[in-house]
Amino acid sequence: MIAVPPATFPAVGRGGGRRPPGLFSSRLLLAGFWVAAAIQPLHAQYEMRAPSGQELQFSATRVRAMLDTTRALEMNLQEDPRVLYFTLVGPPVERSDSLDAAYPWNAIEVRNDSVATILTPGNLREADRAYYNYAVIRMQQIRALDPDVPCDRLMEREVEAVSAFVDGWVASRLLFGGLPFTPLDEIAFAREQGSLAGLLAARGDRQLGACVSEWAAAHPEEVEAYRTWRDTRFLGSAEAPAGPGTAPSTHEAGET
């Protein structure tokens, strides 16, 4: 039997044992890794891509904030004793003649300040949290605000509710593996473009009732800006020349 001197193996322990060669440099590399990981959330790490190739980028910090908001709204839905809600899974919306069913204002029926029916399309189950967001905000609005308000105020309220939907949709897409779905991705892009109200008017958001046509007649430039942006930047070529209602081909969400 060959006796191996103890010094052949470096000592590893709580005391001041000998460190194997390179351990100090390895720890420096690990320290550098964790510093880099701490800095990374300040930069855009997540992105969505439009049919045109235009990219919408989100920082990890902002996506995390969307997730926190979404969780808070879902908890409100589940734990508020005043709220009665029904969650159902509807047929998939994949054909061109059924895509409108995916819009939150069509998939959700908010009957009053405490009763809602949520019909999540069968092919968008990962996005159920987005539909919950919309339902909760709509019920809160009914509960807290005077329903007899001007059309512009109704549009502001609906933009707020749809924006909450977008938060849930982005979190579902970027954190929970939700698949791209152009009609709903478009809402996220339109919000960052500043064209969300124009989209709601052009799409005939039924929650706005007669206010849709009234608002569109009073704000024709916003509806036209949305349509121009959609045709040239969201659906069209990402190299289309910039102009009114357009955005750069790569845009970081939250930019001013």
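Select Glu 109 and you'll find Thr 117 of β5 standing opposite. Now pick Val 110: facing that residue in β5 is Ala 116. Two strands count as paired here if DSSP finds at least two bridges between them. Helices (H or I, at least four residues) and strands (E, at least two) are DSSP runs, numbered from the N terminus. Look at the turn as well: β4 and β5 make a hairpin, with two residues between them.

Before moving on, some housekeeping. This is a predicted model, where local features need pLDDT of at least 70 and side-chain atom pairs count only at pLDDT 80 or more, while totals for chains, interfaces and linings use all residues. Residues are numbered from 1 along each chain as its sequence is written, and side-chain values use heavy atoms, with hydrogens and water left out.

## Widen to the sheet

Click Tyr 85 and look across to β5: the residue opposite is Ala 116.

With β3, β5 and β4 shown together, you have an open sheet of three strands in the order β3-β5-β4, with mixed pairing. β3 (84–90) and β4 (108–112) are the edge strands; each has a single partner strand, so one side of each has no neighbour in the sheet. From one strand to the next, the twist averages 10 degrees, taken between axes that are lines fitted to C-alpha atoms, for helices over the stretch in contact, with angles running from 0 to 180 degrees between N-to-C directions.

Is β5 enclosed or open to the outside? Six of its seven residues are buried, so β5 is largely enclosed by the rest of the structure. Buried means under 20% relative accessible area, exposed over 50%, and partly exposed in between (1.4 Å probe, protein chains only).

Jump to strand β2 (residues 55–59), where you'll find Ser 59. Ser 59 has 12% relative accessibility, so it counts as buried. Show its side chain: it reaches the backbone nitrogen of Arg 62 at 3.1 Å.

## Two helices crossing

Now select helix α5 (residues 151–175) and helix α7 (residues 196–203), which pack at an angle of about 100 degrees with their axes 10 Å apart. That makes α5 roughly perpendicular to α7 (the range for this is 65 to 115 degrees; under 35 is roughly parallel, over 145 roughly antiparallel and the rest oblique).

Which residues meet there? On the α5 side they are Met 155, Glu 158, Val 159, Val 162 and Ser 163, and on the α7 side Leu 196, Ala 197, Leu 200 and Ala 201. Contact means heavy atoms within 4.5 Å.

Stay on α7, which is mostly covered, with six of its eight residues buried. Among the buried ones are Gly 198 and Leu 199. Colour their surroundings and you'll see the buried residues of α7 pack against α3 (104–107), α5, α6 (182–193), α8 (211–218) and α9 (220–234).

## Zoom out

Finally, show the whole chain: there are nine helices and six strands. Of its 256 residues, 41% are buried.

Terms used
Polar contact = N/O pair within 3.5 Å; in protein donor to acceptor, adjacent residues only side chain to side chain.
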